[in-house]
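Please read the following note with the model open beside it. The points are numbered and may be taken in order.

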Amino acid sequence: VFDLEDLLCARCELEAAMVSSPIFRGVELLPAPSHPDARVEKEPFLQLLGQLQERYDFLLLDSPAGFG
């Protein structure tokens with residue numbers, strides 16, 4: 001299973017990282033990094049957001065308190 005960090009570090013393509021929700025049809029999830037030391041760099045993240053905006057009608061971003 002790939003996650004956000006894998007995607008931002010180009011270890012996988014977007015399609016490989018997205019997981020279909022087992023509960024809600026048409027909803028896809030992008031798993032958070034599996035370890036707490038993962039870093040999210042600004043430029044790759046902004047590029048990813050651009051790709052996601054082209055592909056999806058809605059984006060819901062969740063993050064821990066104090067992130068950013």
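**Notes on the predicted model**

1. R11 has a relative accessibility of 46% and therefore counts as partly exposed; the classes are buried (under 20% relative accessible area), exposed (over 50%) and partly exposed (in between), using a 1.4 Å probe and protein chains only. The model is predicted, so local features need pLDDT of at least 70 and side-chain atom pairs count only at pLDDT 80 or more, while totals for chains, interfaces and linings use all residues. Residues are numbered from 1 along each chain as its sequence is written, and side-chain values use heavy atoms, with hydrogens and water left out.

2. Which residue meets the side chain of R11 in a salt bridge? The partner is E5, with a distance of 4.0 Å from N to O. A salt bridge here is a side-chain nitrogen of Lys or Arg within 4 Å of a carboxyl oxygen of Asp or Glu. In contrast to R11, which is partly exposed, E5 is buried, because its relative accessible area is 16%. D6 joins these two residues, and E5, D6 and R11 form a network of salt bridges. By the rule above, the count for the model is 4 salt bridges.

3. R55 forms a salt bridge with E15, and their closest N and O atoms are 3.3 Å apart. This pair links distant parts of the chain, since R55 is in helix α3 and E15 is in helix α2 (residues 14–17), 40 residues apart. Helices (H or I, at least four residues) and strands (E, at least two) are DSSP runs, numbered from the N terminus. E15 counts as exposed because its relative accessibility is 54%, whereas R55, at 36%, counts as partly exposed.

4. R55 also forms a salt bridge with E28, where the closest N and O atoms are 3.5 Å apart. E28 lies in strand β2 and R55 in helix α3, so this pair ties together parts that are 27 residues apart in sequence. E28 itself is partly exposed, with a relative accessible area of 30%.

5. Helix α3 also contains L48. Is L48 buried or exposed? L48 is buried, because its relative accessible area is 4%. From L48 to E28 the separation is 20 residues in sequence and 15 Å in space, C-alpha to C-alpha.

6. The largest pocket has a volume of about 950 Å³. Of the 28 residues that line this pocket, the closest to its centre are L4, L30, L60, L61 and D62. The elements giving two or more residues to the lining are β2 (28–29) and α3 (42–55), and α3 provides the largest share, 4 residues. By class, the lining holds 22 nonpolar, 3 polar and 3 charged residues. A pocket is an open set of points on a 1 Å grid over the protein atoms alone where a 1.4 Å probe fits, with protein on both sides within 12 Å along at least five of seven lines, and lining residues have an atom within 4 Å of a point.

7. The second largest pocket holds about 200 Å³ of space. Its lining includes L7, L8, A10, C12 and E13, and L48 of point 5 is also among the lining residues. Both α1 (4–8) and α3 supply at least two residues of this lining, and α3 gives the most, with 4 residues. By class there are 7 nonpolar, 2 polar and 1 charged residues.

8. A10 calls for a check of the backbone. Phi of A10 is near 60°, a positive value in a residue other than glycine. Most residues other than glycine have a negative phi. A10 is placed in the loop between α1 and α2 and counts as exposed because its relative accessibility is 66%.

9. Which residues make the nonpolar surface patch of about 640 Å²? The patch is made by V1, V19, I23, F24, V27 and L29. Patches consist of residues with over 30% relative accessible area and no salt bridge, nonpolar side chains being joined within 5 Å and like charges within 9 Å. V19 is in strand β1 (residues 19–20) and is partly exposed, with a relative accessible area of 36%.

How values were computed. Areas by Shrake-Rupley, 256 points an atom, 1.4 Å probe, with all protein chains shown as cover. Points joined across faces, edges and corners; volume = space filled by probe spheres on them. Nonpolar A, V, L, I, M, F, W, Y, C, P; charged D, E, K, R; others polar.
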